[in-house]
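Dear colleague,

I am passing on the structure below, together with some notes on what was found in it. Please read the notes alongside the coordinates.

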Amino acid sequence: MEVAVGDLKEIADIIENGERFLLTCHVKPDGDALGSMLGLGLALEDAGREVRYYAQDPVPKGLSFLPGSSQVQDHFDPDYASDAVLVILDCNEPSRIGDMAETLLELAKRVVVLDHHLGENLHCNQRKKNGLGKCCGYVSVEACSTAEIIVDLLDCLNWSMSVNSATCLYTGLITDTGSFRHSNTDKKAFLTASKLLDAGVDNYFVANKIYQSCPRERLELLGLVLKTLEIHEHGLFAMIHVTPKMFDVTGATEEDTNDFVGYARCIDTVELAAFVKEVRAGHVSVSLRSKKFINCVEIAQKFGGGGHFHAAGFRTPGTAHEIREVLLNKVHEYFEQLDISGRI
Ligand SMILES: [Mn+2]
């Protein structure tokens, strides 16, 4: 796997020459999806381009402080889309954009993909499908966040960054690196942060919005979820879950479960953590997080999911209790074929 696919200069040319843009990101948008989309979009607006933002799912309450977030719509005008450069941020598979992905890809005049996930590289496949080079992209698994790629792109364009644009990008950077704690945090992540602070970002403001502004329902739900903690595989695997009933009892919403999996992973012996989330009865999504040597994608792929080495996920029908059992078995199989002697 190449670490970077595509040419950022080629993307910069398309951006420079475009007049109308439709920006989109993945379903259930997170800090990097929205941060990179709005960060790029606000820079485009400052450069006099016409920009619209589309995301299938709404902006989470916790990210509504992002400048420009009120402009994100859950629908798009097909006439506008057919005359626009479609920029897809923080994902590279149509299913991650949502139900309207194929329509958008058909309609758009040009398609640009900017991402840092492992995956089938939408732009390459689309390029083959369309034959005419309508799609291109830059996907770098080395980049800690899509926001970092946008900073590089704006550098390439020689465009200056407004405080608002930089605030969005900084949010993408700190959320995807877990505030510079995850393994994807490298020197470049700090250099990018430094550039964003130079552009005027109030990092304490952003940190407070992200980490010190949660509703009390979140903590009440966390209390119930932590009671479901079980540790398996000689202390290496921790699992927690949430059920629809726990949401009912606490009044918390799905957004409130953000990063709960981190509590399971933070245990000293744990190398792999799973959070089994049943929000609607019979529909489960699972977040997997690892510390060092466990490849979450390999496990997620057994269930048709994907992601990064240290962070992946999948969706499946079933109840939380059923999926716990199935996952426990798969993880056990995974550990059996892994040589963990000397690690426990
Ligand atoms: Mn990201």
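In this predicted model, the manganese ion is coordinated at 2.1 to 2.3 Å by Asp-32 (OD), Asp-90 (OD), His-116 (NE2) and Asp-176 (OD), where donors are N, O and S atoms within 2.8 Å of the metal (3.2 Å for Na, K and Ca), and the site may look incomplete since water is not among the atoms. Along the sequence, these donor residues follow the spacing D-x57-D-x25-H-x59-D. Asp-90, in the loop between β5 (85-89) and α4 (94-97), and Asp-176, in helix α8, link distant parts of the chain, being 86 residues apart. Asp-90 counts as buried at 1% relative accessibility, and Asp-176 is buried with a relative accessible area of 16% (buried means under 20% relative accessible area, exposed over 50% and partly exposed in between, with a 1.4 Å probe and protein chains only).

Helix α8 (residues 163-176) also packs with helix α7 (residues 146-157): their axes come within 8 Å and cross at roughly 140° (axes are lines fitted to C-alpha atoms over the stretch in contact, with angles from 0 to 180 degrees between N-to-C directions). The contact (heavy atoms within 4.5 Å) is made by Ala-147, Ile-150, Val-151 and Leu-154 of α7 and by Ser-165, Leu-169, Gly-172 and Leu-173 of α8.

Of the 16 residues of helix α2 (residues 31-46), 14 are buried; helices here are DSSP runs (H or I) of at least four residues and strands (E) of at least two, numbered from the N terminus.

Residues are numbered from 1 along each chain as its sequence is written. Local features need pLDDT of at least 70 and side-chain atom pairs count only at pLDDT 80 or more, while totals for chains, interfaces and linings use all residues, and side-chain values use heavy atoms, leaving out hydrogens and water.

Best regards

Notes. The expected span of a helix is 1.5 Å times one less than its number of residues.
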